[in-house]
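Have the sequence and the 3D structure open as you read.

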Amino acid sequence: METLPYIILAVGVSFLAIMAAIRFTLLHHEARNKVSVLILLGSVIWLLMSALVVASDSLPTKLVFYKMQFVGVVLVPTTYLILTMQLSGYERWIKRSNLALLSAVPIITLLLIFTNESHGLMWSNITLNSVDPFLPFNENRGLGYWLLIIGYSYVALMFAVVIFVRRVVASRSIYRRQAVPVIFVSCVAWIFGAVWFLNPSLFMYIDPTPLVLTVAISITLWKSYLLLPGSEIIPVAHEMILDSMNEAVIILNAQTQIVELNPSAEQLVGHNLSDALGKPVEGIWTEWADVKKELDSGTDRVKEASFGVGEKKKFYEIQTSYLSGITSERPNLLIILRDITERKISDEKLRLYSNQLKEHSEHLEELVAERTNELRKAERLAAIGETAAMVGHDLRNPLQGITGALHLLRQESLTAEERDEMLQLIQSSVEYSDAIVRDLSEYSAEIILKLADTTPKSLTGEAIRAVKVPPTVSVQDLSQNHPTLKVDTERIKRVLVNLIQNAIDAMPQGGTLMISSRLWNDNVEIAFTDTGSGISEKVMKNLWKPLQTTKAKGMGLGLPICKRIVDAHQGTISVKSKAGEGTTVTISLPIKPVRVEVLQK
Amino acid sequence: MSESASILVIDDEEGIRRTVSMTLKHAGYVVDTAENGKQAIEKAAAKFYNLALIDIRLPDMEGTELLTALKETTPRMVKIILTGYPALQNAVTAINKGVDSYLIKPVNTDELLRLIKEQLDKQKHESEYSQEKVAQFVETRFKELQTEELETLKTTRKK
């Protein structure tokens with residue numbers, strides 16, 4: 001039996017192929033994988049039947065197996081074409097009508113084969129070939145054989161390869177991985193078939209096609225080449241994604257008839273797809289008018305619409321795109337509505353809160369400003385009140401004098417001398433009042449220095465002459481006639497007069513005032529030393545503050561004014577005192593002020 | 001009697017001392033002046049004044065301090081505070097220290113004269129009233145003593 005090794009090989013390969021098919025079926029359940037298994041089944045039938053043809057003895061037996069072999073022969077190209085369509089994304093072509101059309105040829109072929117005896121369209125004059133065990137028959141092949149078997153097989157194969165290559169060239173990488181085994185299988189089958197057909201003796205007259213095909217497909221299925229990575233996802237994905245989407249998906253054709261509604265859209269529109277299909281959207285969906293209005297408005301912004309009222313109010317973000325249809329010339333409109341109610345509500349809340357926050361902060365600012373103003377006002381009023389009280393007190397004395405004098409002047413009995421005296425008194429009271437006002441403005445207004453050359457001696461001399469020194473006080477002016485310094489002489493004289501007056505006031509029982517000057521580091525220092533009562537610590541603390549006075553007369557502006565004037569000259573003024581022993585006030589003035597600037601209070 | 005009443009004007013401001021004292025002299029009073037607290041105390045101790053016009057701020061002491069000092073030496077003298085520095089605290093202190101009146105500068109002169117006259121009349125009335133009381137007391141006491149003496153005489157005679 002020289003055919004035995006071939007038969008064993010064929011049966012073994014078939015067994016392994018069936019194992020691969022079973023394994024593959026158990027591992028993967030998708031529709032497309034059933035098609036792959038069908039291809040393998042076809043090629044196994046083909047292989048086994050051809051082996052049985054070789055193994056059997058009698059012509060009728062061989063003929064039965066021979067005919068059955070064609071079940072596999074026609075099954076392979078048909079299923080192969082279907083698999084190709086699936087893998088290359090032409091799934092929509094696989095419709096019942098197309099499948100019926102596609103399976104028509106193999107069915108006719110098989111019918112013709114099994115009824116060949118009556119018409120001989122496939123072959124005729126078939127006899128046993130006793131020369132070579134692998135070439136069982138001598139026959140005349142008919143038109144049907146060439147056309148329906150060879151022609152159909154190769155056309156299907158070619159067609160499959162063409163659409164596949166086309167798809168692979170134009171498509172995403174996801175299909176490339178799957179394309180390699182498919183093209184490999186086709187090419188193997190094609191090449192071996194062609195070679196055998198041209199020269200059968202090369203393979204000892206055995207058709208290698210089913211064997212090669214079976215092995216190739218088994219390997220492909222065993223290694224699960226077809227499953228890489230998209231094979232499992234893609235066929236289910238479209239449907240599932242659409243069905244499980246939270247977004248409502250509505251597809252309208254050019255006549256705005258409903259073509260597709262996913263479950264979310266069914267809920268939104270309020271109709272099932274089966275009810276709504278083909279009906280105009282405006283008749284089915286009451287809110288369509290709002291959506292359309294929104295869609296027709298401007299182009300740039302994100303489109304939104306809201307349906308319902310009150311608690312049930314829902315907000316949707318609307319996206320649209322056109323789907324180029326295959327059948328209709330005008331594109332379908334895809335509308336996706338995303339429920340953004342929660343986002344809207346939280347946005348709204350956020351906006352509300354931020355507004356409140358803003359309001360609060362603004363209000364806070366206002367409040368602070370208000371309080372600050374009130375405080376400032378209060379402070380200013382307090383300062384004004386304090387000043388007014390001091391000024392009031394100081395002005396009331398001359399006013400009392402004037403009032404009294406005027407009253408007396410009205411008296412007939414007044415002598416001429418007394419009349420003169422009263423007029424003088426009014427005059428001096430007015431002058432005194434004027435001095436008070438001047439002091440006040442001197443303290444509060446800005447100081448503009450009028451600089452002139454002078455000497456310490458000249459300044460102190462003039463100051464002493466301006467003061468009424470009581471006979472109990474002796475003034476010793478030891479100040480010097482140099483150096484020359486540049487100061488506002490009028491103002492510095494006021495400072496000196498003030499200091500001399502203070503010293504005299506501090507010595508009501510009499511004493512000595514010593515005035516001296518010296519040059520010290522480009523500064524002229526003038527010191528006033530008295531033997532008076534001295535200054536207590538309590539008084540010293542507020543010495544330079546305005547409106548602080550220990551005197552019965554005056555507003556307490558004397559020293560503050562002195563300080564301001566000295567400061568304006570970039571000089572310094574300092575006080576040393578010991579209660580009961582006396583006080584030394586020293587002013588230090590630069591010979592030439594470094595800079596002359598306007599000092600403000 | 002009121003025309004010869006004597007008044008002490010205490011003020012450190014010379015103009016005020018002059019005008020006030022001249023006005024008062026024209027009104028017929030005997031006027032003396034003091035320019036500080038110390039002088040005032042000395043003068044009040046040496047002589048009785050019916051009335052004192054006191055400035056609230058003096059070079060050597062506060063007018064309220066002077067009030068305390070004068071109250072001790074001459075309780076019956078009418079004291080009027082004249083102030084250019086109106087403050088509630090001052091007024092309260094002054095009243096607590098027995099001031100009879102509290103005026104704010106500048107004072108209308110007629111007003112001042114009217115007040116002085118009113119105060120002096122009151123003083124005079126009180127003084128007359130108390131003199132009368134003393135006279136009554138003396139008379140009553142005298143009668144009591146007389147009666148007692150008579151009684152004593154009677155008992156001794158009985159013996």
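What follows is a short walk through the structure.

This is a predicted model, in which local features need pLDDT of at least 70 and side-chain atom pairs count only at pLDDT 80 or more, while totals for chains, interfaces and linings use all residues. Residues are numbered from 1 along each chain as its sequence is written, and chains are lettered from A and ligands numbered from 1 in the order in which they are written.

Start with chain A. It has 19 helices and 14 strands. Helices (H or I, at least four residues) and strands (E, at least two) are DSSP runs, numbered from the N terminus. Of the 601 residues in chain A, 31% are buried. A residue is buried if 20 or more other C-beta atoms lie within 10 Å of its own, exposed if 12 or fewer, and partly exposed in between, with C-beta atoms placed from the backbone. Now take contacts, meaning two residues whose C-beta atoms, placed from the backbone, lie within 7 Å. Among contacts in chain A with a separation of 6 or more, 62% join residues 24 or more positions apart.

Next, look at helix H1 of chain A, residues 4-27. The expected span of a helix is 1.5 Å times one less than its number of residues. For the 24 residues of H1(A) that gives 34 Å, and the end C-alpha atoms are 34 Å apart, so the two agree. Its buried residues include A:Ala10, A:Val13, A:Ser14 and A:Ala17. An α-helix has 3.6 residues a turn, so residues three or four places apart point the same way.

Move on to H15(A). Its 29 residues should span 42 Å, and its end C-alpha atoms are 42 Å apart. Among its buried residues are A:Met422, A:Ile436 and A:Asp439. What covers the buried residues of H15(A) includes H14 and H19 of chain A, and also helix H1 (14-26) of chain B.

How do H15(A) and H19(A) pack? Their axes, lines fitted to C-alpha atoms over the stretch in contact, are 9 Å apart at an angle of about 45°. A:Asp439, A:Glu442 and A:Tyr443 in H15(A) meet A:Pro560, A:Ile561 and A:Arg564 in H19(A).

Finally, turn to the contact between the chains. Chain A gives 19 residues and chain B gives 20 residues. On the side of chain A, the elements with two or more residues are H14 (341-409) and H15 (416-444). The largest share, 12 residues, comes from H14(A).

Definitions and conventions. Axes are lines fitted to C-alpha atoms, for helices over the stretch in contact, and angles run from 0 to 180 degrees between N-to-C directions.
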